[in-house]
Amino acid sequence: MNKYENNKTNIGTTFSNIKRIMESLNFPKNWFYKLNFIMFLILFGIVRILIWPYMIIKFSKLEKISISEVPYRLSWKCTVGTVLLLFTNMYWLSKTYKSAVYIFSSQKDQKNLKNDSKDD
């Protein structure tokens, strides 16, 4: 097995690390920071969320069954684990989108967002 084959699902880590490095060096939130964040959002959405429908469709074609039968053909542990992972990834994607709203909003809007989050 190639040493790079296992990194397909962690492709967004590069963009996450660049973001953290820029924050630690006190770089302003310039166009590169925002572009990096957009790339992270896109790749996280594709690799962590959109991969699930692809896997279900591929499994249904492989087993020659309908898509609605896939959860019943898998073991219950696999089905539950898949659903838990999907919902966990959707939760993190929603938190990341909230961060994107904060990063791309104006300074005045950021103060309002901070005040709103303190009220919660």
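**Pocket lining and salt bridge**

Me: Which element gives the most to the lining of the second largest pocket?
Reply: In this predicted model, local features need pLDDT of at least 70 and side-chain atom pairs count only at pLDDT 80 or more, while totals for chains, interfaces and linings use all residues. Residues are numbered from 1 along each chain as its sequence is written, and side-chain values use heavy atoms, without hydrogens or water. A pocket is an open set of 1 Å grid points that fit a 1.4 Å probe, with protein on both sides within 12 Å along at least five of seven lines, and its lining residues have an atom within 4 Å of a point. With five residues, the largest contribution to this lining comes from α5.

Me: Which elements give two or more residues to that lining?
Reply: The lining includes W52, F59, P71, C78 and L86. Helices here are DSSP runs (H or I, at least four residues). Those giving two or more lining residues are α3 (51-63), α4 (70-73) and α5 (76-104).

Me: How far apart in sequence are the parts tied together by E63 and R73?
Reply: The structure holds one salt bridge, a side-chain nitrogen of Lys or Arg within 4 Å of a carboxyl oxygen of Asp or Glu. E63 pairs with R73, their closest N and O atoms being 3.3 Å apart. Because E63 belongs to helix α3 and R73 to helix α4, the pair ties together parts whose separation in sequence is ten residues.
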